[in-house]
Amino acid sequence: IIRKALTEEKRVSTKTSAADLVTETDHLVEDLIISELRERFPSHRFIAEEAAASGAKCVLTHNPTWIIDPIDGTCNFVHRFPTVAVSIGFAVRQELEFGVIYHCTEERLYTGRRGGGAFCNGQRLRVSGETDLSKALVLTEIGPKRDPATLKLFLSNMERLLHAKAHGVRVIGSSTLALCHLASGAADAYYQFGLHCWDLAAATVIIREAGGIVIDTSGGPLDLMACRVVAASTREMAMLIAQALQTINYGRDDEK
């Protein structure tokens, strides 16, 4: 569905800002995924991006819960930039159990299961193991806010990492695929303010199973609903990134 729609004309709407886009394909894919899963697991709960945008509450209970991003990289999708993915995470008793991320245009299927390893098209994934920020390639995303104060903080955080001699800071337009690059060893760290639980759930399992670390930007344990994250190949790298960052407040998914 997504590969076909990528090259077609789209009806585009905005959500929280002019940079926060949604198309009819986002809704179509989300409805299809939920319909298929609900038929098989009628008692399970769902947290999904477009349902949340329409007012559904993002509450992670102890019940089995599917956490879904139907198109991660919608802005890329709108512009026919071929870095888009579908992300599905699954949690039980508020613990992430497995995640699946599908890179639609390259047909790469990233999977991770707690205690079972992480894979891409059947090949095991391992993080780079890099501990030195001066040898690191760092990935991030801008987030939907575009007000001057937020942009100033975003650019300041990037500048701090470049002053710390990071090899580079990259933005690819898809947080889930950026996190998969970390899991595969193609990048060494990732940070973001303004991502959501559906961006993070599946990727967290994949990174952890590939040997990486996923924490809060404060340096504490990950809070899936806090709209912020640092992920890295090692705890040393994660703490270096966390200590360099200034906080950008996006609120919480479970309070919106």
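Select Gln94 to start: its relative accessible area is 42%, so it is partly exposed (buried is under 20%, exposed over 50%, partly exposed in between; 1.4 Å probe, protein chains only). This is a predicted model: local features need pLDDT of at least 70, side-chain atom pairs count only at pLDDT 80 or more, and totals for chains, interfaces and linings use all residues. Numbering runs from 1 along each chain as its sequence is written, and side-chain values use heavy atoms, without hydrogens and water.

Stay on Gln94. It sits in the loop between β5 and β6 (strands are DSSP E runs of at least two residues, helices H or I runs of at least four, numbered from the N terminus).

Next, Arg93. This residue has a phi near 55° and is exposed at 59% relative accessibility.

Now select residues 85-92 and 95-103. These are β5 and β6, antiparallel over eight bridges (pairing takes at least two DSSP bridges). Click Ser87: its bridge partner in β6 is Ile101.

Phe98 has Arg113 as its bridge partner in β7. Four residues lie between the strands of this hairpin, and Glu107 takes a positive phi near 55°.

Last stop: Leu32, in helix α2, residues 24-40. Leu32 is partly exposed at 41%. Show Ile1 and Leu28 too; with Leu32 they make a nonpolar surface patch of about 280 Å².

Conventions
Patches are made of residues with over 30% relative accessible area and no salt bridge: like charges are joined within 9 Å, nonpolar side chains (Val, Leu, Ile, Met, Phe, Trp, Tyr) within 5 Å. Accessible areas come from the Shrake-Rupley method with a 1.4 Å probe; for residues, only the protein chains shown count as cover. A salt bridge is a side-chain nitrogen of Lys or Arg within 4 Å of a carboxyl oxygen of Asp or Glu.
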